[in-house]
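Keep the structure open as you read.

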Amino acid sequence: MVSRIFLLLVLLFTTITVAQEIPPTYEQDPFRQLDELLPTPSDYRAASGAPGHRYWQQRADYDINVRLVEDRNALIGEETITYHNNSPMPLEYLWLQLDQNRFEPDSRDTTTRTTPRLKQFTYKYLGELLIREDFQGGHKITKVTDADDKPLDHAVIETMLRIDLPKSLPSGGQVTFNIGWTYQIIDAKRVRVRSGHEYFEEDGNSIYELAQWFPRMCAYTDVNGWQNKQFIRRGEFSLEFGDYRVAITTPDDHIVSSTGVLQNPDAVLTEQQRERLKQAETAEVPQFIVTPEEAKANEKEKGKGEKTWVFQAENVRDFAWASSRKFIWDAVQHTSHGKDVWCMSYYPNEGEPLWSKYSTHSIMHTLDVYSRYTFPYPYPVAISVNGPVGGMEYPMICFNGPRPDKDGTYSKRIKYGLISVIIHEVGHNYFPMIVNSDERQWTWIDEGINSFLQYLAEKEWETDYPSRRGPAKNMVEYMVSTDQVPIMTNSESILQFGHNAYGKPATALNILRETIMGRELFDYAFKKFSQRWMFKRPEPADLFRTMEDASSIDLDWFWRGWFYTTNHVDIAIDRVHLLDLDSLDPDIEKAEDKAKRDQEPTEITETRNSDVKKRTERYPDLIDFYNHYDPLDVTVNDREEAAKLIKNLKDDEKALLKTQRQFYAIDFKNEGGVIMPIILKVNYENGTEETLRLPAEIWRSNSKRISKLILAKDRIASLQIDPLEETADANLDNNHWPSRPVKSRFKLFKYKDKNPMREAKEAAEAEEKPDRKEEAKPK
C-alpha cells in the first residue's frame with residue numbers, strides 16, 4: 001500500500017491510519033511486574049535474588065553400614081544420623097524420606113496410576129504392572145533409637161517416617177539417632193525405576209545401582225518448613241547437605257563405585273589396580289584399572305567371602321553407589337579449571353566398545369564446559385556407571401543406560417544418546433547436587449537449567465551435534481499443543497513431562513542468552529546466580545530476581561510469558577505501507593497523484609458502455625464547470641499556499657523535505673500471545689540486506705498489534721521475521737512479505753480393491769500343495 005507523508009512545521013509525521021485493537025487491560029498486560037506472584041523478600045531471601053543476611057539451612061551427617069546380600073537381592077543397613085537445627089524454630093519431631101516405600105503394592109504411586117494410552121500400551125508396561133502387584137518392596141524399619149540406643153517413638157506414613165523427639169530440638173541444637181532397615185532390591189530391567197539391579201542370564205551375574213536406599217532427612221526450609229510431600233514418582237528429591245561415612249559390604253569379587261572418596265584402597269584393591277590408578281593420575285586419556293579381559297574372567301566364578309569398601313564424602317546432599325563383579329573400570333585424573341578431579345567409568349563388557357571410547361571423555365568435557373558457565377567443580381570425583389537405569393544423577397556418581405548391540409555395533413542414536421545422557425547426568429552435579437533446588441516441588445529448575453547447559457556442552461563436542469533440546473525450533477510443536485500446563489507447575493501435575501520440565505525451560509534460557517540479553521550479559525548474570533546459590537537452596541524467584549539484578553534488564557515479561565502461561569510465539573507481518581514524503585510542491589505532488597489516478601482501472605460497466613451514446617452528448621447544455629474541473633489541476637492558490645508554507649520553514653526544515661529515504665510503516669500482529677523481540681531481516685532491491693533487532697518493549701503499549709516506521713535508504717524487496725528461527729515462532733508462513741506459497745508434497749495413489757474371496761482361494765490352494773506332493777512321491 002502506498003501513501004504520502006506530510007512534513008509539517010512542527011515536524012510531526014502524519015501517516016495512514018493503522019487499525020488499532022483495544023490495548024490489553026491491566027490483568028492482560030504482559031509487562032505487568034511479577035511482584036504479585038513472587039514471594040515477598042525477607043531477611044532470608046533478598047529482593048536481589050541473593051541469600052539474605054539471615055539465610056539458614058539445616059544439616060544432616062550420616063554414618064552408615066550397609067550389606068549387599070546378592071543371593072536375595074537385598075540390602076541390610078544401619079545408620080547414625082546427626083541432625084543440626086540451624087533454623088530459628090524449635091522442632092518437636094523430625095521427618096525422613098522412605099522412598100523405597102513407593103514400591104509397596106498399595107503405595108500412592110501404584111494406586112493413583114491412570115489408564116495409559118491404549119495405542120501405546122507396551123509389553124514392558126504390562127509386565128511392570130504385573131510385577132508391581134506382587135513385589136514386596138519398601139523400607140522395613142527394624143529399629144529407631146536415640147544416641148543411647150533407647151527406642152524412639154516413630155510412625156511410618158507412606159513414604160515418610162516421623163520421629164517424635166522426647167523434647168524439642170532448640171534452634172542451634174543437634175540430635176543424634178539410629179535407624180536400622182532392610183529392603184528388597186527391585187529388578188530395574190523389568191520395572192522402570194531410578195535404582196535397582198540387572199540380572200544377566202548368560203553368566204548369572206548382576207549389576208546393582210543403589211539410590212534412595214537409606215532413610216534420608218527431609219528438607220526443612222524457610223519457604224515450606226518441612227518438605228514432606230509424599231514421593232509419588234515424578235517429583236524427585238529435596239535434601240540437606242552433610243558429611244557421609246559409608247561402609248559397604250559386598251561379595252569379595254565385586255568392584256564398588258560410589259559417591260565420595262575410597263578410604264581403604266589397600267584393603268579392597270589389588271596391588272596392580274592401585275598401581276594403575278597411580279599411572280592414571282598423570283595420564284591424558286582414560287586408563288583401564290580393571291581391563292575388559294579381567295572383568296570377563298571375574299564373571300565366571302562367584303567369590304565366597306565379603307569385602308567392606310569405606311567411602312567418605314563431604315558436603316553432599318545424597319549418596320549412591322553401584323556394585324558388580326562384571327565391571328570394567330577406567331579412570332583418569334583430569335584438571336578442570338585448576339582443580340584435579342578423578343573422572344571414572346564403570347561398565348560391563350556388554351557396554352563395549354562404546355563405553356571405553358566415550359564415557360570418561362564425556363565426563364571430562366562436561367566438567368570443562370559447565371565449570372566455565374557456573375563455578376569450578378568442587379568435588380574430587382565424577383563417575384559414570386552403566387547398568388539398568390537409563391539416566392539418574394547423584395553427587396559424584398550417575399547411572400547411564402545406553403549400550404551397543406550384542407555384536408558391538410551401535411546406531412547413531414545410541415552413540416549420541418550415550419554422550420548426551422552422560423553430559424546431562426554428570427551435569428546434575430551442578431544442578432541440583434550443588435545448587436540445591438527443591439525437585440519435589442519444581443522439576444524444571446534443575447532439569448531445565450541442566451538441559452540448557454547440556455545443550456551448550458553438546459555444541460562444544462562437535463560441529464552439528466544432533467541436540468534434541470535447546471534449539472528454539474525444536475520446541476514449536478510442543479508450544480502449540482493443547483495438553484500442556486505452565487512451566488511453573490508442581491512436578492506431579494506436569495503434562496508432557498519431558499517437554500515441559502526439560503525442553504521448554506532449556507529453550508527459554510537459550511533464547512534469553514542468544515536473542516534477548518546477549519551472551520556476555522546472560523553469562524555474567526547466570527554465573528552470578530550459580531555462585532550465589534552454591535551449596536544453598538534457591539527457589540525460582542531467586543533465579544528470576546538474580547538474572548535481572550545482575551543484568552539491569554527487566555525480564556518480568558519474559559518469565560511471565562514463558563514460565564507462567566501456555567501461550568506460544570507467533571509474530572506476523574500484517575501489512576506493509578510504502579509512504580512517500582510530500583515535497584510541498586503542488587506541481588510535483590498533484591502530477592504524481594494524476595499519474596496514480598490514471599493507472600487505476602476503468603470500471604467494468606464504464607468500459608462496456610463505451611459505445612452507448614450518453615445523454616450529455618445528446619444535450620450539450622447539460623455540461624457545466626464540473627464536467628471539465630479536475631481537482632488535481634494546479635491552481636494559483638495552490639502555489640501561493642505552498643510558497644507561504646515553505647517561506648516559514650527554517651533552512652534545516654527545508655532540507656528535510658529533500659530527504660532521500662523510503663518510508664515504510666510495517667504492521668505486526670502478535671498471534672501467539674507471548675511477546676518477543678522482533679528480529680526482522682530486510683532485503684533491498686539493490687541486493688543488500690540488514691537485520692533489525694527490535695526489543696520486546698516495542699509491544700509495551702499494545703501487546704496485540706503494533707506498527708514500526710522504517711526509514712530505508714533503498715526500496716525494500718522483501719521482509720522476513722526471525723530468519724534464523726531463534727524465537728520459537730510457531731508459524732513461519734506469516735513471517736514473510738510478500739507472502740510466499742506454502743510448499744508441501746503429495747503422492748498419487750492407485751486404489752487396490754481388497755478381494756477376500758481370492759485370498760481364501762489362494763490360502764486353500766497353499767494348503768493342498770503339500771498333500772499333492774505326498775501323493776506324487778513313489779511308493
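This is a predicted model: local features need pLDDT of at least 70, side-chain atom pairs count only at pLDDT 80 or more; totals for chains, interfaces and linings use all residues.

Buried area is the accessible area, taken with a 1.4 Å probe, that two parts lose on being put together, summed over both.

The chain is divided into domain 1 (31-50 + 442-566) and domain 2 (242-287 + 309-435). Their C-alpha centres lie 28 Å apart. To the contact, domain 1 gives 28 residues and domain 2 gives 26 residues.

How much area do domain 1 and domain 2 bury between them? The value is about 2400 Å². Carbon and sulfur atoms carry 64% of it. On the side of domain 1, Asn450, Trp461 and Phe535 lose the most area to domain 2. Together these three make up 27% of what that side buries.

Polar groups also meet here. Across the interface, 18 residue pairs are in polar contact. Helix 8 (444-459), helix 10 (497-516) and helix 11 (519-532) each supply at least two residues of the domain 1 side that touches domain 2. The largest share of that side, 10 residues, comes from helix 8. The count of salt bridges between the two domains is 1.

## The nonpolar core

The largest nonpolar core has 179 residues. Tyr83, Phe177, Trp213, Phe558 and Trp562 have the most contacts inside it. Helix 6 (residues 354-373) gives the largest share of this core, 9 residues. Domain 1 and domain 2 each provide at least three residues of the core. Apart from this core lies another, of 7 residues, including Ile131, Ala188, Val191 and Val193.

Take tryptophan 213 as an example. Which residues does tryptophan 213 contact, leaving aside its neighbours within four places in sequence? They are Ile64, Val66, Leu75, His139, Trp181, Tyr183, Val246, Phe319, Ala320 and Trp321.

## A covered helix

Now look at helix 12 (residues 540-549). Is helix 12 mostly covered or mostly uncovered? It is mostly covered, with 9 of its 10 residues buried. The buried residues of helix 12 are Pro540, Ala541, Asp542, Leu543, Phe544, Arg545, Thr546, Met547 and Glu548. Their cover includes helix 8, helix 11 and helix 13 (556-563).

## Charged pairs

The count of salt bridges comes to 49. Here are four of them.

| Pair | Closest N and O atoms |
|---|---|
| Glutamate 460 and arginine 372 | 2.8 Å |
| Glutamate 128 and arginine 113 | 3.5 Å |
| Arginine 519 and glutamate 514 | 2.9 Å |
| Arginine 532 and aspartate 549 | 2.8 Å |

Start with glutamate 128 and arginine 113, which form a salt bridge. This pair links distant parts of the chain, 15 residues apart. Glutamate 128 sits in helix 2 (residues 123-134), while arginine 113 is in the loop between helix 1 (108-111) and helix 2. Glutamate 128 counts as buried because its relative accessibility is 6%. Arginine 113, at 22%, counts as partly exposed.

Next come arginine 519 and glutamate 514, another salt bridge. Arginine 519 has 47% relative accessibility, so it counts as partly exposed. Glutamate 514 has 34%, so it too is partly exposed.

The pair of arginine 532 and aspartate 549 also links distant parts of the chain, 17 residues apart. Arginine 532 lies in helix 11 and aspartate 549 in helix 12. Arginine 532 is buried, with a relative accessible area of 19%. Aspartate 549 is partly exposed, with 41%.

Some salt bridges share partners. In this way Arg102, Asp109, Arg113, Glu128, Arg132 and Arg233 join into one network.

## Backbone details

The peptide bond from phenylalanine 431 to proline 432 is cis, with omega near 15 degrees. Proline 432 lies in the loop between helix 7 (412-427) and helix 8. The bond from tryptophan 737 to proline 738 is cis as well, with omega near -10 degrees. Proline 738 is in the loop between strand 32 (736-737) and helix 19 (756-776).

Methionine 396 is not a glycine, yet it has a positive phi of about 70 degrees. Its loop runs between strand 24 (391-394) and strand 25 (397-400). Methionine 396 counts as buried because its relative accessibility is 2%.

Note on methods. Residues are numbered from 1 along each chain as its sequence is written. Side-chain values use heavy atoms; hydrogens and water are left out. A nonpolar core is a set of buried Ala, Val, Leu, Ile, Met, Phe, Trp, Tyr and Cys residues joined through side-chain atoms within 4.5 Å. Buried means under 20% relative accessible area, exposed over 50%, partly exposed in between (1.4 Å probe, protein chains only). Helices (H or I, at least four residues) and strands (E, at least two) are DSSP runs, numbered from the N terminus. Domain bounds come from an automatic or database domain assignment. Contact means heavy atoms within 4.5 Å. A salt bridge is a side-chain nitrogen of Lys or Arg within 4 Å of a carboxyl oxygen of Asp or Glu. A polar contact is a pair of N or O atoms within 3.5 Å; within protein, one must be able to donate a hydrogen and the other to accept it, and residues adjacent in sequence count only if both atoms are side-chain atoms.
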